[in-house]
Amino acid sequence: MSTVKRGLASASAGAVRSSVPAVPLPGASRPMLRLPTAGGSFAASGLLAPALRRLPGAASAGRAALRCLASAAPAVAAAAPAPPAGVVQKAHGFTLTRQQYVKEYGSHVLMYTHDKTGAEVISVLNTDENKTFGVVFRTPVDDSTGIPHILEHSVLCGSRKYPIKEPFVELMKSSLNTFLNAFTYPDRTCYPVASTNTQDFYNLVDVYLDAVFHPRCVSDRRVFEQEGWHYELDNKEEPLTYKGVVFNEMKGVYSSPDSVYYRVVQQALFPSNTYRHDSGGDPEVIPKLTFQQFQDFHAKYYHPSNARFWFYGDDEPVKRLALLDGFLSEFERRPVDSAVATQALMHEPRTVTEYYAAGAAGEEGGEEGGAPGGGGEAQKAYVGLSWVLSDTPLDVETELALGFLDYLMLGTPAAPLRKALNDSRLGAAVIGGGIDDDLKQPCFTLGLKGVDPADADKVDALILTKLRELAASGFSASAIEAAVNTIEFSLRENNTGSFPRGLSLMLRAVGAWIYDQDPFTQMQWEDALASFKSKLAAGGDVFGPLIHKYLLDNTHRVAVRLLPDSAKAAAIEAAEKAELDRARAAMKEADLEAVVSNTHALKELQETPDSPEALTCIPALKLSDIPKTITKVPTASKALADGATLLGHDLFTNDVLYLEAAFDLQAVPARLLPLVPLFCRSLTQMGTATESFVELTERIGRKTGGISVYPFTSAVRGAEQPVSYVMIRGKAMGGKAADMLDLMRDVLLTARLDDKARFGQMVAETKAGMESGIISGGHSYAAKRLGAQRSLAGAVGEAMGGLSYLEYIRQLAKKVESEEGWQAVKADLEAIRGALLQRKGAIVNLTADNATLAAAESAVADFLAALPAAAPAAAAANDWATSGLLLPRASEALTVPTQVNYVAKAANLYADGGYELQGSAYVVEKYLGNTWLWDRVRVVGGAYGGFCSFDSHSGMFTYMSYRDPNLLDTIESYDGSADYLRGLDLSADELTKAIIGTMGDIDAYQLPDAKGYSALVRHLLGVTDDERQLRRDQILSTSNKDFKTFADAIDCVRGSAGRVVAVTNAEKAGKVLEEKPGFWELKKVL
Ligand SMILES: [Zn+2]
């Protein structure tokens, strides 16, 4: 099960900064071990909606300059050092209650209690400069009105010390934060921030603390109306509607069948505690929430006696306590009843059937649809089994054992339970994915989507049969060895990607702490791991009893069937309309007038900016706090035989070697490009000449920390032809470099590409994933579509990941059904390999310390020597520009069953606007997203997100909205951007804040592997350090004049060059045509 944790803001700024695609670690999503992964297991929609910084190509390559000296993973083996200076028993009203050196994270962990209020603090001391703070409140709910979620959005809209409209947005604009967001879980609300700059860090903490304890929203009803819900009525003749940011965010969530499935599972598993409700808010129930209930909820739960605080990093520990006490000392201790009740285990398995809104039958994407195994996934069911594993807390070793079991059964596509589901062809893709321990009681969920409803019982039976088999037979020694290595590697590497390590650790600790269990045990896995390994080595039956106890013999089991209902979307809309009609009918003339005047008053308030004087309350750094020069990644470049290149980056990586090998895709003809993503997957998922798929997967697990293969494409500024590569990326301990390179060689050269059944599964999985994706993240499809009209890189990206790709995949699904079709596909896969693999132009990129780099060199030479010097099948000349990849310029409505819209509008500033790149563009882009677009599209418009993206490589400037109730109004807002920018006259203070906020993105914190990868990307795109310094100088000297220059550049988006692509439903798309005939072409997708 995937627990839903949601957050406050849409993507506009900080959410995702790194352009580094994580190596999909086989173990990375196994939550039971609380592996150090970015998102945990929950399907998170952050306070910021999923970001879209990675438009076609590596948009951030030129911007990801680097902050010096990231603190790498603390050395695990270090002996416990003496407690650092500054650790005190009593200070600022706190008393030290516990202290421990945690070797796993090289950290001293202190626990304090606030004497006056009883608030608890965990204060983690180490050398990590990426400092993290968080405050967590337990916020269980009694209904699905979404109070904690609305509150989570609202407290960041002004507070006692920061009496402006949105301090959160001001921080996004002006701070150097490395993380800024907030999350709502089913039972708690979490406010984390992070920064590497100490002053900036304390500024963020101060704003967040004031926000949670003294928010304006509990006295100002307008905030509640804006973020939660309100009636909107511009004049008495118009129909009444609901507006509200959370209301629309949740409409988007409820439009996604995947989200609906996980919600149904949670509610079915927990029929009698708080988890039976939706803390995020059910759009049908949200309008029942009153302001009084909202105020009461804050008064009850946002109290120090119900709070848990977290500090982590290299700052001064006593200063942390002083800062906290400044807020806590004015409160008195009191009991807060917020404990989460335990769900008693049921004695009989149950079946629960629910429905989701599906597209009209048999009309998928303009195809005939409905063919078995082919189209018509939209008409299929979600089917699975779920368990609550226990009604008492598990000890650490049991948790660890279950984590191993979960990994062994499901952790890779070759794991037996996952493989059995895939091989069954009963559905298109696995859902659930095993253990989830984000809630008080651990759960296990597994099933398939894209299932013929008549086959539902077969899915259940297959899972149970396979579990019985595994309980009896156990796992092979090689599988166990692979699991041990993978999990241990992941724990020791502690690679959290762009997510702060301190936050990852906090979420782990809080997972126990919030239920009054010991948070320290969550950070200490070394002893349990050693003990578990010796148990495995002793050879007893470790896993069989676990499978029996927690799954097979566990009667708290629910079979969930989520069936398609093509009438449901209309029924939901009709019910909402009926409710609004009823409300309107009950209103007297005076009530209607009150709603109209409230609508106008709210809009006026939203449209009135804070005064510059008011904004000075937000603490800001000075420009002099920002380094003037770029930070360089150490890079040694070496030309090898036959035109290959070796890049080495000497960085401390705690003995891990990170390696990428890049092969130029230019030699692959345009017609084969859409097949490249599946080619990449096939390389590791069909086995090699000498190993089966299972054996290959186990070897990867035993020898490395993961290997992945994927295409990479980006525009290059000033060139028509994009750069495009296939990358193979992996990581291993330094001593296993040769093993990893042997694996890569075998995968590239001898991977079998002839497993028809496996290929068919991957096609079905891809299709199902994209069809879910367009409903839950339609903005990226819309933006890719626009990019494909104006840049060849965009067109290549769309062909390998946009709507064109989905269309291709649908045809491919049919094609591989016939033997003749499959033979042709197989030949095409080999043709890609034949054109791609060559030493000529190959680039190998290594990141590790110098000794590890030197030791790896001969293995790299052997690897390259095994490749052909020049590709036998390389196309004579690249045909991408002439083969119709570029899409015709058009405005389009992509229609799917959804209650919300995603609206994009774009043009190419270089080709359409004659713009020449200046570093100031980054400042203006960010400023526009955080001011005009945020205010118009989100605050006034009620969308979850409204933002813009400028790809400095291709020149594409794209506006996007996310979970948006509007279409034409949003476009009108976009069109007002240039005039807004021209009308600005920023004070020196505001300008400085905008520049500093941008530098925060440019200098985004990176772990060493990300630094090495960024350097590779810059190498591929020809971005030099001189150019980076020039852009930096330009950013730092951005002036008001630059805002006007950029305004002129984006005029072309409003003008005749601009095109619109929206993801919406057919009815709304048609209504636009009634109002504006010929405005766009309708394209039915689902
Ligand atoms: Zn939200």
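Which residue in β19 is the bridge partner of K638? It is L646, in a predicted model where local features need pLDDT of at least 70 and side-chain atom pairs count only at pLDDT 80 or more, while totals for chains, interfaces and linings use all residues. Residues are numbered from 1 along each chain as its sequence is written, and side-chain values use heavy atoms, with hydrogens and water left out.

**Overall form**
- The protein holds 35 helices and 29 strands, where helices (H or I, at least four residues) and strands (E, at least two) are DSSP runs numbered from the N terminus.
- With a radius of gyration of 28 Å, close to the 31 Å that the globule rule gives for 1086 residues, the protein is as compact as a globular protein of that length; the radius is taken over C-alpha atoms, and the rule is 2.2 Å times the number of residues to the power 0.38.
- Along the principal axes, the C-alpha atoms fill a box of roughly 80 × 65 × 65 Å.
- Of the 1086 residues, 65% count as buried, a term that means under 20% relative accessible area, with exposed meaning over 50% and partly exposed lying in between (1.4 Å probe, protein chains only).

**Strands and sheets**
- Strand β18 (residues 636–639) pairs with strand β19 (residues 645–650) in the antiparallel sense over four bridges, pairing being assigned if DSSP finds at least two bridges between two strands.
- The hairpin of β18 and β19 has five residues between the strands, and D642 takes a positive phi near 60° there.
- An open sheet of six strands has the order β26-β27-β25-β28-β24-β29 with mixed pairing; β26 (945–950) and β29 (1081–1084) stand at its edges with a single partner strand each, so one side of each is left without a neighbour in the sheet.
- From one strand to the next, the twist averages 15°, with axes taken as lines fitted to C-alpha atoms (for helices over the stretch in contact) and angles running from 0 to 180 degrees between N-to-C directions.
- Strands β24 (residues 892–895) and β28 (residues 1059–1064) run parallel and are joined by four bridges, and T895 stands opposite T1064 in β28.

**Aromatic rings and charges**
- The structure holds 42 aromatic pairs, counted for rings of Phe, Tyr and Trp (its six-membered ring) if their centres lie within 6.5 Å, with planes under 30 degrees apart called stacked, over 60 edge-to-face and the rest tilted.
- The rings of F168 and W934 form a tilted pair, with centres 6.5 Å apart and planes at 45°; F168 lies in helix α2 (residues 167–174) and W934 in helix α28 (residues 920–940), so the pair ties together parts that are 766 residues apart in sequence.
- Both F168 and W934 are buried.
- F759 and W822 are also tilted, at 5.4 Å centre to centre and 45° between the planes, and this pair links helix α22 (residues 756–776) to helix α26 (residues 819–836).
- A cluster linked by ring pairs contains F137, Y191, Y208, F213, Y302, F309 and F331.
- R263 lies over the face of Y254 at 3.5 Å from the ring centre, and the charged end of K319 sits over the ring of Y202, 5.0 Å from its centre; the criterion is NZ of Lys or CZ of Arg within 6 Å of the ring centre and within 35 degrees of the ring normal.

**Cysteines**
- The count of disulfides (pairs of cysteine sulfur atoms within 2.5 Å) comes to zero.
- C190 is in no disulfide, as the nearest cysteine sulfur, that of C217, is 17 Å away, and C190 is buried with a relative accessible area of 2%.
- The sulfur of C217 is 7.4 Å from the closest cysteine sulfur, in C157, which is too far for a bond, and C217 counts as buried at 0% relative accessibility.
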